[in-house]
Protein chains: 4
Amino acid sequence: MRFASDNTSGVCPEVLAAIAEESARYGPAYGDDRRSAELVEKLSEVFERPVDVYPVATGTAANSLSLAALNPPWGGVICHQEAHVAVDELAAPSAIGGGLTLLPLAGDHGKLTPEVVDEAFVRRENGVHTVPITGLSITQETETGTCYRVDELAALAEVATRRGLRIHMDGARFANAVVATGASPADLTWRRGVDLLSFGATKGGALAAEAIVSFDHSLDEVIQRHRKRFGHLLSKQRLAAAQILGWVSDGVWLRHATHANRLAARLGAGLDASGMALSGPVEANMAFVRMTDDQARALREAGASFYTQVLDPGLAEARFVTSWSSSEAEVDELIRAAGQIIAA
Amino acid sequence: MRFASDNTSGVCPEVLAAIAEESARYGPAYGDDRRSAELVEKLSEVFERPVDVYPVATGTAANSLSLAALNPPWGGVICHQEAHVAVDELAAPSAIGGGLTLLPLAGDHGKLTPEVVDEAFVRRENGVHTVPITGLSITQETETGTCYRVDELAALAEVATRRGLRIHMDGARFANAVVATGASPADLTWRRGVDLLSFGATKGGALAAEAIVSFDHSLDEVIQRHRKRFGHLLSKQRLAAAQILGWVSDGVWLRHATHANRLAARLGAGLDASGMALSGPVEANMAFVRMTDDQARALREAGASFYTQVLDPGLAEARFVTSWSSSEAEVDELIRAAGQIIAA
Amino acid sequence: MRFASDNTSGVCPEVLAAIAEESARYGPAYGDDRRSAELVEKLSEVFERPVDVYPVATGTAANSLSLAALNPPWGGVICHQEAHVAVDELAAPSAIGGGLTLLPLAGDHGKLTPEVVDEAFVRRENGVHTVPITGLSITQETETGTCYRVDELAALAEVATRRGLRIHMDGARFANAVVATGASPADLTWRRGVDLLSFGATKGGALAAEAIVSFDHSLDEVIQRHRKRFGHLLSKQRLAAAQILGWVSDGVWLRHATHANRLAARLGAGLDASGMALSGPVEANMAFVRMTDDQARALREAGASFYTQVLDPGLAEARFVTSWSSSEAEVDELIRAAGQIIAA
Amino acid sequence: MRFASDNTSGVCPEVLAAIAEESARYGPAYGDDRRSAELVEKLSEVFERPVDVYPVATGTAANSLSLAALNPPWGGVICHQEAHVAVDELAAPSAIGGGLTLLPLAGDHGKLTPEVVDEAFVRRENGVHTVPITGLSITQETETGTCYRVDELAALAEVATRRGLRIHMDGARFANAVVATGASPADLTWRRGVDLLSFGATKGGALAAEAIVSFDHSLDEVIQRHRKRFGHLLSKQRLAAAQILGWVSDGVWLRHATHANRLAARLGAGLDASGMALSGPVEANMAFVRMTDDQARALREAGASFYTQVLDPGLAEARFVTSWSSSEAEVDELIRAAGQIIAA
């Protein structure tokens with residue numbers, strides 16, 4: 001019953017096969033290879049337009065390099081106050097962005113709204129002394145398991161355009177959001193003003209493969225240069241490209257995401273039914289559930305792993321994350337264990 | 001006949017197996033896992049003392065994070081003028097080191113000598129205006145295919161101690177140097193004053209796995225913090241650890257390096273005998289050979305890939321690199337082709 | 001009626017005389033001169049212990065260099081959300097601090113409290129992913145014109161010690177706080193745990209002279225190196241030292257501060273009596289007064305300059321700052337004008 | 001006999017008067033003042049075209065901010081190996097330029113030539129791994145006391161244009177070069193491709209006043225932002241502007257430079273005649289003279305201050321710098337002392 005995070009899963013069989021297959025070949029280093037070229041083609045097809053693709057090994061790299069490419073070092077980037085970039089990356093956007101400032105804002109269900117973004121401009125001094133707001137970073141699927149709908153993204157794009165903000169999307173769980181919203185990758189990104197996407201494959205089944213997908217070719221040099229000078233250009237990039245190709249081809253990524261989302265829904269509904277209430281809707285591959293500290297302890301003793309956050313003394317919010325490698329059996333085992341704890 | 005670089009090889013079977021095996025398991029993210037702990041144990045055994053190990057995905061990351069940990073941002077690091085850190089990393093040590101300065105020096109056969117290091121201090125102003133020399137970065141195996149002997153390292157350690165310099169070793173091809181020198185990993189590193197080693201597995205057969213091996217535990221926080229904030233902490237670190245474990249266990253790394261070194265020697269001797277003269281001794285897995293531009297062109301037309309550097313108009317120095325995946329057959333094919341070109 | 005800021009004043013006669021006197025001499029550059037040495041002696045006397053002194057030309061430099069010296073680049077510094085470092089310095093602490101994060105917190109009257117500082121640690125994740133809180137920056141006199149009492153500083157020092165935080169004090173208006181609190185410079189700084197003080201003379205009557213006053217000699221190299229490498233070491237430092245010496249000697253600084261504080265009190269009381277209510281107590285050289293937008297406009301038309309901040313539609317908070325060069329006459333003229341506006 | 005450096009001089013009477021005059025006024029802070037506007041007008045007149053002017057307090061700031069504005073953080077800047085930016089600024093261009101690399105080159109008499117610049121491109125790898133050469137920094141008057149002629153600058157501009165390099169000029173002693181070459185400020189700068197000039201007044205007689213003079217208005221935001229975020233925007237900027245205005249107005253700067261250049265020529269000729277040979281031509285306000293260590297010691301004992309550099313064991317090159325405050329009397333006293341030492 002491993003629900004701590006989707007990054008506790010291993011490499012999915014399709015990616016393993018792609019690695020093995022590519023390993024049998026030689027290939028030029030640093031991205032001048034066939035797989036890297038094929039990846040550009042493949043993602044251009046997925047996103048229904050020509051894109052540039054920059055593989056890297058971590059999500060923090062994809063996010064920070066994107067923010068550094070879109071914003072001047074004196075700029076400020078609005079993000080949700082629970083966003084990974086703001087909370088879990090040890091100020092990497094500032095380290096890589098040359099002193100870039102994050103401007104975390106509140107918002108229900110882990111989402112930013114146009115109103116919240118607009119309000120950040122109110123009473124803000126102008127002039128050279130104040131960090132100008134230059135960018136917006138949106139997380140899709142959000143940290144609280146929700147997904148921005150296409151119309152919500154359109155509304156954010158509108159305010160971004162009006163305010164002159166560049167848009168980055170942290171898509172560490174983008175596959176889950178595509179499945180959850182039913183919208184096309186294009187409709188969730190560049191058609192709604194997204195300039196750069198951190199396209200995450202690691203949580204979805206890759207070994208260590210993320211990619212900056214760029215919808216603005218004029219950013220090519222700055223991304224390439226920053227990627228290299230912060231140590232993120234992989235020598236055997238063809239093996240990172242192979243991972244993503246193996247994962248995206250034949251709809252593998254969406255199949256895995258569908259599986260994970262389905263199990264999260266089952267898990268959430270099951271716990272809710274057992275008497276541990278859901279904190280919010282389960283839209284993708286995360287379920288947030290309220291339980292007492294005693295219940296959390298008992299669940300862990302029963303063999304479940306998951307994170308909790310203190311809500312009130314004695315009361316916690318537990319996060320359950322499913323992945324390509326989660327099984328219906330372990331979800332049902334968790335639900336059973338929860339039922340017994342409630343009943344006891 | 002792929003001799004452009006050892007990083008054009010794929011993943012060796014032993015590492016592939018280790019990835020597949022580890023993929024069947026769940027495991028905590030970000031290094032709190034069993035494989036990461038085993039890697040520390042294993043490398044402590046290899047280096048005959050307790051070490052800290054920080055896996056990363058690229059050699060540039062390992063090098064730059066090491067230099068940033070050992071030197072203040074205002075410091076200067078002596079390195080050979082052909083060193084990878086100086087030539088091929090787009091000033092990453094400065095980007096990650098907060099403005100760190102590299103001080104590249106000349107030296108025969110890609111090696112620094114105590115005399116050269118000492119001379120860098122002569123006529124150097126003191127005081128707050130001048131970049132103080134604070135570190136030394138040694139490449140083992142060097143960029144020109146030579147290896148520092150233990151006594152050469154001891155002499156460098158002596159001047160470093162006398163001058164108060166911290167020592168980093170870029171060991172992207174450390175395995176080849178261990179085999180070439182016949183010295184133990186310990187004798188090539190901490191017993192000769194090395195503080196941090198970039199321990200390279202990628203060129204030797206891994207997918208994307210390098211590690212900073214630290215012989216100074218007091219550097220733990222700064223390395224961990226820099227690694228995270230520059231985006232180099234892998235979420236599925238256990239799969240990077242598994243790669244290195246699969247590569248180091250049962251002597252795989254030294255077996256592959258022995259193979260590569262042997263083929264480079266064969267290749268060098270063969271070309272030399274055919275009439276294309278070696279530029280210097282073949283000590284590890286690289287052979288440098290002088291040939292005319294016409295000969296280089298003919299060799300490439302025959303199907304060989306390798307890099308050349310202009311020496312004089314019409315004359316080039318060609319670099320041939322062997323790896324775990326090179327075969328005797330392709331070496332012999334190259335020698336044959338060279339013989340025919342010379343004969344023609 | 002110039003009350004926009006104390007930095008709109010010129011150079012006070014005592015500092016002018018000191019500049020002229022020092023200009024008649026030659027002297028070594030970059031701080032190896034007699035005036036710089038005398039300044040160390042003088043401030044050691046003022047602070048009743050040996051101190052190190054690092055003159056710079058701007059308050060932003062003094063603040064940012066101090067924060068960079070006290071905190072690692074991955075650290076976080078708690079400050080008040082209205083603090084100059086957080087609001088008016090374009091993220092200079094991050095630019096100079098290598099990516100340092102500011103953690104602005106709310107607090108009445110521009111002051112931080114131990115409770116607010118302690119609460120910042122609650123629910124804060126540990127581990128390598130989260131910015132660790134490493135420092136505290138206190139502004140004395142605060143941005144809202146109040147001054148920390150000695151017992152308030154002691155309480156902050158207690159929590160800082162308990163939490164392992166280094167303390168910086170932004171003393172751009174330190175002289176005004178010394179006069180306002182009646183406490184000694186020592187009691188307001190190192191005896192209450194302050195490690196580094198930005199000692200401001202510019203607002204108090206100098207041309208461009210601030211100094212980092214250090215109570216921790218072990219920080220000497222890092223401050224000197226950062227000062228130089230960010231371009232803040234003055235070649236004619238003896239003329240900056242002379243400015244501060246001319247200002248501190250014979251109690252000039254406290255006399256000017258007493259004058260400014262007295263006029264601010266007079267101004268505040270006068271406006272309050274005229275019907276424009278004070279927002280808070282006038283403790284040093286700033287008075288904050290509530291007035292309608294119409295009243296503010298009328299006051300400006302009458303010749304007064306000052307800043308306003310919107311409180312509610314139609315309602316503003318006006319800030320009046322006095323300096324060494326303010327005169328009783330212009331204060332009284334302002335009060336008269338306010339009376340007429342109210343009466344109209 | 002103070003000839004160590006022109007920055008050991010005090011503030012010249014004209015600048016002192018300007019400071020005193022401006023101190024009698026109030027004025028907006030941070031550059032929104034009349035003097036700052038007048039300075040733009042005045043320097044636009046001096047340079048015969050509209051310019052932007054950014055006062056700062058140090059030459060290191062002017063140089064580093066200029067290089068950061070003209071070059072990306074991954075760029076490389078060619079400069080002479082004896083240039084102040086390369087030797088005396090503790091890697092400030094890299095600290096402020098986000099990791100910028102300096103590429104110091106040799107050249108006779110402290111000067112770069114088109115040949116030397118062109119040769120830096122030969123055998124330089126392209127691609128993302130190598131620091132691209134993006135800028136050129138020229139020092140005028142050079143560190144060895146020579147001055148680029150207009151045709152030499154034109155030749156450098158030609159290669160810069162051909163190679164796509166932006167040009168910065170370090171003009172810490174620009175006034176001396178204007179006088180020495182007899183060329184107009186315009187002919188020495190923008191008419192020869194210079195984009196940004198560090199216009200130095202401090203060595204020439206100001207207290208602490210340098211200015212970035214920009215011939216490219218599109219750089220306005222980046223210069224302003226970098227200046228602020230590295231702590232170089234002066235609150236009482238009007239007093240820095242007043243210094244430069246006082247110095248430039250009525251030809252004061254050129255009069256002082258003429259005086260200094262004349263004395264250096266006299267000093268050089270005098271020592272040469274006395275038997276201490278000049279190392280090179282005396283073109284502006286520095287004379288370099290060869291003498292034995294014993295002679296240098298004797299000159300110092302006679303009361304002269306100056307810097308020496310070791311040439312050979314027992315032989316030194318002494319640098320004598322004159323300034324606005326040097327007197328014919330002290331020059332003649334030095335020559336006399338030299339004569340006696342030679343005769344002894």
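Mentor: Two strands pair if DSSP finds at least two bridges between them. Helices (H or I, at least four residues) and strands (E, at least two) are DSSP runs, numbered from the N terminus. The model is predicted: local features need pLDDT of at least 70, side-chain atom pairs count only at pLDDT 80 or more, and totals for chains, interfaces and linings use all residues. Residues are numbered from 1 along each chain as its sequence is written, while chains are lettered from A and ligands numbered from 1 in written order.

Trainee: In which sense do S6 and S7 of chain A pair, parallel or antiparallel?

Mentor: Take S6 (196–200) and S7 (210–214) of chain A. Gly200(A) stands opposite Glu210(A) in S7(A). The pair runs over 5 bridges, and its sense is antiparallel.

Trainee: Which are the edge strands of the open sheet in chain A?

Mentor: The sheet has 7 strands with mixed pairing, in the order S1-S7-S6-S5-S4-S2-S3. An edge strand pairs on one side only. That gives S1 (52–56) and S3 (101–105) of chain A.

Trainee: What angle does helix H7 of chain A make with S4(A)?

Mentor: H7 (150–163) packs on the sheet, touching S4 (133–139) and S5 (166–171) of chain A. Axes are lines fitted to C-alpha atoms, for helices over the stretch in contact, and angles run from 0 to 180 degrees between N-to-C directions. The angle is about 165°.

Trainee: Which element gives the largest share of the side of chain C that touches chain D?

Mentor: Contact means C-beta atoms, placed from the backbone, within 7 Å. By that rule, 43 residues of chain C touch 43 of chain D. The largest share is 5 residues, from H1(C).

Conventions
Two residues are in contact if their C-beta atoms, placed from the backbone, lie within 7 Å.
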